[in-house]
Amino acid sequence: MTSPHPVPASAGEIAAAVRAGEASALDVVESHLERIARLNPEVNALSVVFADRARAAAADVDAALAAGDDPGPLAGVPFSVKENIDLTWSATTNGWRGLADAVPERDATIVRRLRESGAVPVGRGNMPDFGMRWDTDNDLFGRTVNPWNRDRSAGGSSGGDAVAVATGMCALGLGNDFGGSLRLPAYAAGVVGLRPSRGRVPRAAVRGQSVALTLQQFSVNGPLARTVDDAALALGVLQGWDADDPMSVAAPPPSPHLPRRVGVVRDPGGNAVDPEVAAGIDRAAASLAHAGWEVVDIEAPHLEEAAVLWRRLSCTDMLISLDPAALGQPLGRSATSFLHDSTAAARPYETAREYAEAWARRAAIAADWRRLQRETPLLLGPVSTSRMREPDHDLGGQEPADRAWRDLWLTVAANFLGLPALALPTGPGADGMPTGVQLIGRSFGEDLLFEAGRAVEAGVPPLTVPDALSEA
C-alpha cells in the first residue's frame with residue numbers, strides 16, 4: 001500500500017511538539033481534519049466530525065501556551081470518542097436510532113480528563129447498536145469499512161475508533177471493551193488496544209438507573225493508539241477514582257520484582273489457530289525472548305468454562321436490558337439478528353439459582369488464574385484464533401454466532417476475570433492484513449504489560465498507516 005501523504009505523528013510526538021512550540025495545536029488539528037475529509041467518506045469510521053469545535057479547542061490550547069500556561073500532557077492531540085461515551089458536542093447514540101437526539105448534559109469523566117490534558121475531540125467513533133456485535137454496522141450511520149481490505153470486517157464494537165486511529169484521522173481513540181470490543185478492532189485495523197483492569201478507568205456515571213452486573217464486572221473504557229507508548233500515555237490521563245462510577249478505584253503501585261516470565265497460549269481451547277495467527281504469536285514470543293523474557297508454553301486454566309460463563313451471563317443480562325418493550329422501539333436490523341442468534345446459541349440462564357451459581361464459579365476460576373500469574377504474570381496469545389472474517393461474520397444463525405465466539409475464548413476470558421489486556425500488531429500477514437496478539441496481565445499489572453508490549457513492538461515489522469482504502 002503506497003503512502004503519498006506524510007505519516008501522522010504519534011500522540012506523544014504531537015504533544016511534545018506542541019508543548020515545545022514546534023507546532024501549533026491548530027495546525028495539528030487542521031492536518032487531521034484534512035485526512036478525515038479525504039479518508040472518512042471511504043471508511044465511515046467517524047459518524048460525526050467536529051471541525052469547527054475542534055479548531056476552537058485547538059486555538060484554546062495555543063492561547064494557553066502563548067500565555068505561559070501548561071496546556072497538559074496531551075496538548076493538541078486529536079482523539080475520537082465512541083458513540084456510547086458522553087460528549088456534550090453530540091448525541092450519545094449508542095449506534096441506535098432511538099438515541100439519535102440524546103445529547104448529554106456533561107462530558108464523561110474520561111472525556112473531561114482528556115480535554116483537560118489538552119487533547120482535542122475531532123469526531124465520534126462508529127459502533128453497532130449498544131456495542132453488541134463483533135462487527136461495526138448500524139441502521140443510523142451504516143457500516144465501518146476495514147481500510148486494509150473492504151472484504152474483511154473492521155471488528156467491533158469500537159470499530160470506528162480503531163479505523164480512525166489506524167488511518168491517522170486521529171492519534172487516539174476512546175472506546176470500551178465488554179467482550180473484546182477494543183482488542184478485536186485493534187487486531188482488525190493493526191493498532192494498539194488497551195483493556196485496562198476492572199475499575200482502573202472510570203466507566204460511566206451512575207445516576208439512579210440500575211446497571212447490569214455484567215456491565216459492572218466485564219466492561220471497561222480504554223484507549224486505542226498506534227504505539228504502546230501512546231496507550232500508556234493515555235492511560236495515565238484516563239485512570240483514577242471517580243465519584244460517579246462506584247466501580248472505579250485508584251490503582252495500587254506496581255508490584256516490584258515480578259518475574260519476567262510469559263506464558264504462551266498457542267491454541268486457546270484446542271479450536272485450531274490460523275497459520276497467520278500462529279506466525280504472529282511466534283514473532284511476538286521471539287521478540288520477548290530476544291529482550292530477555294523467559295517464554296514458556298502454557299494452557300490457560302478453565303478457558304472454555306470461563307468463555308461459556310461469560311457468554312451465558314452476558315446474554316442473560318442483554319435479554320433483560322435490551323428488551324424492545326423496555327426500550328420503546330426495536331433495535332436495528334443487524335443488532336436484532338445478533339441478539340437472537342447469540343442468545344439462542346448461548347442458552348441464557350432461566351433461574352436465579354443458575355445465575356447465582358455461575359457468578360459463584362467465577363471466584364474459583366479467578367483463583368486458579370491468580371495462582372498461575374503469581375509465577376507467570378503475563379500470558380501471550382491470539383486476540384482471535386482466525387484471521388479477520390468477512391463483514392457480518394457474526395450473523396446468520398447459531399453456527400456463525402458460535403464460530404465468532406469460539407474465535408475469542410482467550411479474549412472474553414480477560415473480560416470475565418476483569419484482567420488487563422493489551423492487543424498490538426505483529427506486522428503484516430501474507431494476505432496483506434495486519435497480524436496481532438494480545439498480552440494478558442495480572443490485575444493492575446498494566447506497567448508490566450507495557451514493558452512487554454514495547455519489547456514485542458520493537459521486534460516485529462512495522463505497519464504502514466493506510467492512506468486509501470485497499471483494493472485487495
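User: Where is Arg115 placed in this structure?

Analyst: In this predicted model, Arg115 belongs to helix H4. Its relative accessible area is 32%, so Arg115 is partly exposed.

User: What does Arg115 touch, not counting residues up to four places away in sequence?

Analyst: Arg115 touches Phe79, Trp89, Asp107 and Pro121. For a separation along the chain, take Arg115 and Arg283: they are 168 residues apart, and 37 Å separates their C-alpha atoms.

User: Where does Ser117 lie, and is Ser117 buried or exposed?

Analyst: Ser117 is in the loop between H4 and E3. With a relative accessible area of 4%, Ser117 is buried, because buried means under 20%. Once neighbours within four places in sequence are left aside, the contacts of Ser117 are Pro71, Gly72, Pro73, Leu74, Ala75 and Val237.

User: Which helix holds Ser334, and what does Ser334 touch?

Analyst: Ser334 is in helix H12, residues 333–346. This serine is buried at a relative accessible area of 1%. Not counting residues up to four places away in sequence, Ser334 touches Arg133, Asp137 and Leu395.

User: How many disulfides does the count come to?

Analyst: The general idea comes before the count. A disulfide is a covalent bond between the sulfur atoms of two cysteines. Here, with sulfur atoms required to be within 2.5 Å, the count comes to zero disulfides. As for individual cysteines, Cys170 is buried, with a relative accessible area of 0%, and Cys315 counts as buried at 3% relative accessibility.

User: Which residues of helix H1 are buried, and where do they fall when seen down the axis?

Analyst: Helix H1 spans residues 11–19, and its buried residues are Ala11, Ile14, Ala15, Ala17 and Val18. Seen down the axis of H1, these buried residues fall within an arc of 165°, so they line one face of the helix.

User: What span does helix H16 reach from its first C-alpha to its last?

Analyst: Helix H16 (residues 446–459) reaches 20 Å with its 14 residues, close to the 20 Å expected at 1.5 Å a residue.

User: Which residues of H16 are buried, and what do they pack against?

Analyst: The buried residues of H16 are Glu446, Leu448, Leu449, Phe450, Ala452, Gly453, Ala455 and Val456. They pack against helices H8 (228–238) and H9 (275–290). Strands E5 (192–195), E9 (378–381), E10 (421–428) and E11 (434–440) are also packed against by the buried residues of H16.

User: How is a pair of aromatic rings described, and how many aromatic pairs does the count come to?

Analyst: The description of a pair of aromatic rings uses the distance of the centres and the angle of the planes. In this model, the count comes to 10 aromatic pairs. In one of them, the ring centres of Trp96 and Phe130 are 5.3 Å apart and the planes are at 45°, so the pair is tilted.

User: Where do Trp96 and Phe130 lie, and what does the pair tie together?

Analyst: Trp96 lies in the loop between strand E2 (78–82) and helix H4 (109–116), and Phe130 in the loop between strand E3 (120–125) and helix H5 (159–166), so the pair ties together parts that are 34 residues apart in sequence. Trp96 counts as buried at 4% relative accessibility, whereas Phe130, at 23%, counts as partly exposed.

User: What kind of aromatic pair do Tyr355 and Trp359 form?

Analyst: Tyr355 and Trp359 form an edge-to-face pair, at 6.3 Å centre to centre with 80° between the planes. Both are in helix H13 (residues 352–375), where being four residues apart separates them by about one helical turn. Tyr355 is partly exposed at 21% relative accessibility, and Trp359 is buried at 14%.

User: Which residues form one aromatic cluster?

Analyst: One aromatic cluster is formed by Trp134, Phe178, Phe218, Trp310, Phe338, Tyr355, Trp359 and Phe416.

User: Where do Arg311 and Arg362 sit relative to aromatic rings?

Analyst: Arg362 lies over the face of Phe416, at 5.9 Å from the ring centre. The charged end of Arg311 sits over the ring of Trp405, 4.4 Å from its centre.

Key:
Residues are numbered from 1 along each chain as its sequence is written. This is a predicted model: local features need pLDDT of at least 70, side-chain atom pairs count only at pLDDT 80 or more; totals for chains, interfaces and linings use all residues. Side-chain values use heavy atoms; hydrogens and water are left out. Buried means under 20% relative accessible area, exposed over 50%, partly exposed in between (1.4 Å probe, protein chains only). Helices (H or I, at least four residues) and strands (E, at least two) are DSSP runs, numbered from the N terminus. The expected span of a helix is 1.5 Å times one less than its number of residues. Contact means heavy atoms within 4.5 Å. Rings of Phe, Tyr and Trp (its six-membered ring) pair if their centres lie within 6.5 Å; planes under 30 degrees apart count as stacked, over 60 as edge-to-face and the rest as tilted. A charge sits over a ring if NZ of Lys or CZ of Arg is within 6 Å of the ring centre and within 35 degrees of the ring normal. The arc is that of the directions from the helix axis to the C-beta atoms.
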